[in-house]
Amino acid sequence: WTLSDDLKKLAESELRETVEIREHAIKAVRDWAMKNPRIVTLRLDSKFLLRFLRFKKFSVPQAMESIERYLVLRKYVHEGHLIYQNFDYLDPPLLNLLDAG
């Protein structure tokens with residue numbers, strides 16, 4: 001993890017991200033995912049989990065909720081096609097789903 005000092009300061013002020021918080025949050029989310037019987041397949045590498053943690057400013061419960069929503073969306077089928085195949089966020093059904101949160 002090599003961030004410049006400026007990026008480290010920005011990450012801490014904007015995302016509440018420090019080395020200690022990042023390590024603790026990644027471990028917490030990874031442990032939760034491995035113990036969650038509803039989660040069958042999920043990437044558990046740090047880079048992937050950090051996307052959710054940064055998106056939710058290192059709120060572990062909110063990141064977990066976002067992961068669950070992500071997994072539901074991955075299974076979402078519209079007109080016989082998985083949404084994540086030929087992903088087009090401007091597709092009206094997907095746009096409505098995204099707008100709904």
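Rings of Phe, Tyr and Trp (for Trp, the six-membered ring) form a pair if their centres lie within 6.5 Å. This tour applies that definition to a predicted model.

**First stop: the aromatic rings**

Three aromatic pairs are present in the structure. Begin by selecting Phe48 and Phe52, whose ring centres are 5.3 Å apart and whose planes meet at 70°, so this pair is edge-to-face. The reasoning rests on the cut-off for the planes: an angle over 60 degrees counts as edge-to-face.

Next, display helix α3, residues 46-55. Phe48 and Phe52 are four residues apart in this helix, which means that about one helical turn separates them. Are these two phenylalanines buried or exposed? Both Phe48 and Phe52 are buried.

Ring pairs join Tyr70, Phe48 and Phe52 in a cluster.

**Second stop: two packed helices**

Two packed helices are described by the angle between their axes and the distance between the axes. Select helix α2 (residues 19-35) together with helix α4 (residues 60-75). Their axes are 10 Å apart, and the helices pack at an angle of about 45°. Because of this angle, α2 is oblique to α4. The crossing of the two helices, α2 and α4, is right-handed.

Which residues make the contact? On α2, select Ala25, Ala28, Val29 and Trp32; on α4, select Val60, Met64, Ile67 and Glu68. Colouring the residues of this contact of α2 with α4 by class shows seven nonpolar, no polar and one charged.

Key. Residues are numbered from 1 along each chain as its sequence is written. This is a predicted model: local features need pLDDT of at least 70, side-chain atom pairs count only at pLDDT 80 or more; totals for chains, interfaces and linings use all residues. Side-chain values use heavy atoms; hydrogens and water are left out. Rings of Phe, Tyr and Trp (its six-membered ring) pair if their centres lie within 6.5 Å; planes under 30 degrees apart count as stacked, over 60 as edge-to-face and the rest as tilted. Buried means under 20% relative accessible area, exposed over 50%, partly exposed in between (1.4 Å probe, protein chains only). Axes are lines fitted to C-alpha atoms, for helices over the stretch in contact, and angles run from 0 to 180 degrees between N-to-C directions. Angles under 35 degrees count as roughly parallel, over 145 as roughly antiparallel, 65 to 115 as roughly perpendicular and the rest as oblique. A crossing is left-handed if the near helix is turned anticlockwise from the far one by less than a right angle, and right-handed if clockwise. Contact means heavy atoms within 4.5 Å. Ala, Val, Leu, Ile, Met, Phe, Trp, Tyr, Cys and Pro count as nonpolar, Asp, Glu, Lys and Arg as charged, and the others, Gly among them, as polar.
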